[in-house]
Amino acid sequence: MNPFSNEPVLDLRRGEVRESLTAALTGVERSLPLRVPVLIGDQSGAGEGIESLDPGRPSRVVAVAGTASASDVDAAVTAAGRGHREWGGRSAEERAAVLLRAAGVLRARRAPLAALQVLECAKPWAEADADVCEAIDFLEYYARQAVELAAGRELIQVPGERNTMTYRPLGVVAVISPWNFPLAIPCGMVAAALATGNAVVLKPAEQAPGSALMLAEALREAGVPAEALALLPGYGEAGQALVRHPGVHAIAFTGSGAVGLEIVRTAAETPDEQGHVKRVVAEMGGKNAVIVDSDADLDEAVPAIVRSAFVYAGQKCSAAARILAHEAIADPLLERLAGAVEVLRVGQAGTFGTDVPPVIEREAQERVERYAALAGAEGRVVARQDELPEPGFFCAPTVACDLPEASAVLTEEVFGPLVAVERVGDVEEATDRIEASPFALTGGLFSRNPRTVELVARRSPVGNLYVNRHITGAMVGRQPFGGNRRSGVGAKAGGPDYLLQFVGPHVVTENTMRHGLVVE
Amino acid sequence: MVDEGELERRIREIGGALERALPSRARHPVRSLDERAMQLASEDAELKAALFRFVDVTPACRSLDDLSRHLAGFLGEVEQTPPPLRVAMRMAETGPGRAVLGAASARGVRHMAHRFIVGESPRAALGVLGGLWDGGAASSVDLLGEATVTAAEADRYAVRCSDALETLAQACAAWPERPALERDSAGPLPRANLSVKVSALTPLLRPEAPEVGRDDAARRLRPLLRRARDLGAHLHIDMESLDSLETTLELVFELLDEHELADGPSAGIVLQAYLRDSAEQLDRILAWARASGRRPALTVRLVKGAYWDHEVVEARQHGWAPPVFEDKRESDRNFEALTRRLLDARPLVRVAVASHNLRSVAHAIGYNRTRGGADEDLELQVLRGLGDDLLHALTRQDLRVRAYCPVGDMVAGMAYLVRRLLENTANDSFLSEQARGADLDRLLAAP
Ligand SMILES: Cc1cc2nc3c(=O)[nH]c(=O)nc-3n(C[C@H](O)[C@H](O)[C@H](O)COP(=O)(O)OP(=O)(O)OC[C@H]3O[C@@H](n4cnc5c(N)ncnc54)[C@H](O)[C@@H]3O)c2cc1C
């Protein structure tokens with residue numbers, strides 16, 4: 001295997017590249033609605049029950065998906081138990097070969113896969129393409145990591161004793177994935193579990209079943225046995241049943257804090273008939289802050305903040321929500337940030353040049369509007385676009401400031417195009433405020449003083465700190481991604497420790513002495 | 001076809017004559033001090049990084065104390081600090097020491113800046129511009145500024161450009177006549193000359209949607225073109241990174257094709273020879289010029305390209321093949337190939353060759369003469385601060401040379417200054433090779 005390298009994103013500066021994407025979009029549009037059945041072993045259920053809509057044109061149904069019932073969940077976990085025995089019995093190399101083949105399948109379908117995200121999740125092209133690339137990266141990266149892991153670890157050896165340490169799959173892994181990275185995030189969690197020999201039951205977000213189906217199809221086409229991968233489209237109940245099921249060994253989840261904590265609680269219940277303790281890997285929300293020191297280059301800070309807070313309408317767990325600005329530059333920063341937000345292009349995800357697409361659904365739109373109204377009531381709104389396109393779940397990109405420290409706008413995750421600016425006396429004060437937050441996912445710092453960079457890097461609790469750049473867009477292998485505190489439990493995705501969460505260590509110590517002689 | 005041997009002989013001759021006409025370094029003690037600092041920096045990568053990061057942050061520091069803390073911070077990252085800098089670090093340990101160190105280093109940075117930036121405003125620059133004219137050189141003014149991220153900033157830049165056109169046109173009118181700088185065989189050449197940047201004219205540059213930036217920039221560039229036409233000034237649209245190339249080309253072609261701008265002003269664009277597909281861009285430019293038939297002819301300024309690191313890093317981070325040549329000699333060779341095509345395309349376009357590379361410049365002059373072209377139909381351009389010596393030599397040979405003169409305050413100018421300093425100390429740049437004392441044969445060898 002050649003060494004891992006990231007799948008290159010498309011160069012959208014090139015007209016012919018844009019044209020090929022637009023053509024792919026037309027092709028996918030013609031095939032709508034997609035049918036997403038419950039897939040358990042060789043059985044394929046009816047694809048009806050859930051409708052995923054185009055957030056930019058809610059009258060259009062993108063996918064019609066089945067809703068997994070309690071008995072579907074049971075059947076899927078039981079089948080996965082069998083699937084695990086077969087799949088987990090293969091060598092790491094064999095499994096890796098299958099995953100690399102799946103990466104190839106996705107690679108061959110990059111344009112339609114990105115187009116589907118444009119339609120199903122209103123992901124603008126650059127983001128949709130990057131998501132598909134990240135999915136490919138996860139397959140390529142974990143396949144290699146798993147082969148490495150299979151070699152086991154070196155232990156201390158003394159005469160007359162042979163020690164080996166190896167890792168084995170846990171069994172059945174339930175993957176519960178969000179809609180905001182509709183291919184990459186499920187793919188990452190599924191690929192990690194499969195690469196290490198587990199069987200997977202995937203319950204994707206009800207807003208994005210289409211991309212999940214594409215993932216399942218690619219993996220099965222590449223040679224993942226049907227019983228080693230089940231697809232359970234459905235609502236929250238299906239996920240709950242899955243988490244509760246005693247046949248599940250581990251749960252990999254990415255999503256909101258509320259659901260994540262509920263999963264941690266449920267998984268901890270260990271009924272007598274369950275012969276193991278469940279493990280939970282959970283990536284949850286953030287309330288990510290960017291510190292802008294007095295010596296920051298605002299020419300760079302402003303565009304980077306705009307990108308961090310408003311790309312994909314702020315619907316990334318890594319997105320910037322709070323800006324802690326040194327009082328010496330707070331006024332010019334606010335003025336320039338407000339001006340930069342006023343010219344953002346709010347529009348359809350499929351239109352090249354769109355900065356802020358619609359949010360995922362009406363409920364999200366209403367939530368963002370509530371926080372924006374609160375920001376206006378408790379503080380000051382300094383930028384907001386009044387005219388929004390129709391139809392679609394559009395939210396006005398908003399910049400707020402002068403909020404009281406306890407304001408919900410500053411403490412709760414909004415998950416939308418809203419950013420709040422706070423003044424601080426110095427960087428120490430900024431780090432104190434971040435220190436006080438229960439979230440610790442990503443963070444940013446703009447400073448040109450090496451000592452300040454050192455100070456913040458040492459004190460910041462976040463999982464991913466970005467210095468003098470935007471704080472979103474972690475790359476597999478380059479920025480292993482994941483939060484601390486209430487933002488997540490578990491190792492970083494796309495990093496060297498991630499797979500360890502899907503295996504159990506086994507140490508064998510053999511006495512090699514026979515009749516007083518060492519027999520090796 | 002040209003006789004290549006003959007041309008090479010000619011290039012040697014021209015290059016040699018220019019070299020002899022360069023002012024001797026000994027007569028500029030101050031400048032050589034600057035150059036020694038540059039030399040020091042170009043020999044030690046860590047030191048260079050520290051110094052440039054320091055220069056970069058200078059205008060953002062709130063006090064001399066703050067400034068020296070930054071300096072100490074940067075120097076702290078240099079493994080082997082030269083003795084004078086160790087002294088500086090010790091000074092940074094106390095309050096009074098920091099005040100002295102801060103003042104000294106601020107002076108140093110300001111001094112460097114003045115070498116490249118001719119004044120805080122166009123009005124303040126008039127003395128230097130008039131002096132250049134008297135010395136036999138034309139100029140083009142470039143207004144430095146912070147990045148444009150808002151509509152208000154784009155508007156302000158457009159107003160500054162419009163005011164600058166006014167100020168320049170008025171002041172130039174009083175300059176003495178200099179036929180060599182005011183005419184070529186195609187007709188008169190404006191005295192007032194302003195270079196503008198598209199990225200400053202719109203906050204909406206979107207690499208994946210060139211039409212968005214084009215339309216927004218057009219709203220501000222159109223009135224500037226009108227103004228330039230009415231004042232009889234030349235407006236040059238600079239080229240920046242590849243992200244804005246499509247926007248820039250489309251913008252210029254579209255506006256110059258508009259009926260009201262059909263007979264003026266004199267306008268120009270830039271072709272970057274380091275781009276692998278620059279030959280196709282030249283095809284496009286010539287095709288447009290042919291189809292449009294606009295007069296005065298479009299001036300094409302040929303450069304190698306100032307965003308080499310940016311393009312390479314951007315490509316590498318995205319996993320793309322770099323859009324620029326990766327071997328310096330390929331850029332140099334392509335520069336010569338494009339020089340020839342451009343000169344051969346006259347009078348469809350006017351040609352300005354912008355370089356500090358003696359070989360590249362001598363090649364342009366030599367090729368032009370070999371093809372029977374008149375010297376007046378080739379303009380040479382240099383950057384103020386980097387190409388001053390070459391400018392001097394070219395004027396002594398009665399060649400038409402134009403100095404690109406940035407104007408603006410320290411804050412606005414810092415990005416420009418750092419870019420120039422980096423360029424000057426880049427290992428394979430012509431200027432640092434020349435500064436290291438490479439011999440003339442080597443400097444003039446065909447790339
Ligand atoms: C009057 C004037 C106006 C200008 N306007 C513009 C403009 O609008 N847009 C713009 O982009 N630039 C502009 N430039 C800058 C120009 O592009 C060059 O950066 C600069 O002139 C240095 O080139 P040179 O020929 O003088 O020196 P040289 O030392 O001969 O060449 C240096 C150049 O070679 C190229 N290079 C360096 N390393 C490599 C490598 N490893 N592989 C391939 N190529 C390499 C780079 O382009 C670098 O700038 C202008 C320059 C002048 C003099």
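This note describes the ligand site and the domain arrangement of chain B in a predicted model.

1. For B:Ser355, a polar side-chain atom is 2.7 Å from an oxygen atom of the ligand. For B:Phe430, a backbone N or O atom lies 2.5 Å from an oxygen atom of the ligand. B:Trp308 has an N or O atom in its side chain 3.4 Å from a nitrogen atom of the ligand. On its own the ligand has 920 Å² of accessible area, of which the protein covers 94%.

2. Secondary structure at the site.

3. Domains of chain B. Domain 1 spans 33-113 and domain 2 spans 118-435. Taken over C-alpha atoms, the centres of these two domains of chain B are separated by 33 Å. Domain 1 of chain B brings 13 residues to the contact, and domain 2 of chain B brings 12 residues.

4. Area between the domains. The size of an interface is often expressed as the accessible area lost when the parts come together. Between them, domain 1 and domain 2 of chain B bury about 1100 Å², and 79% of this lies on carbon and sulfur atoms.

Conventions: Residues are numbered from 1 along each chain as its sequence is written. Chains are lettered from A and ligands numbered from 1 in the order in which they are written. This is a predicted model: local features need pLDDT of at least 70, side-chain atom pairs count only at pLDDT 80 or more; totals for chains, interfaces and linings use all residues. Side-chain values use heavy atoms; hydrogens and water are left out. A polar contact is a pair of N or O atoms within 3.5 Å; within protein, one must be able to donate a hydrogen and the other to accept it, and residues adjacent in sequence count only if both atoms are side-chain atoms. Accessible areas come from the Shrake-Rupley method with a 1.4 Å probe; for residues, only the protein chains shown count as cover. Domain bounds come from an automatic or database domain assignment. Contact means heavy atoms within 4.5 Å. Buried area is the accessible area (1.4 Å probe) that two parts lose on being put together, summed over both.
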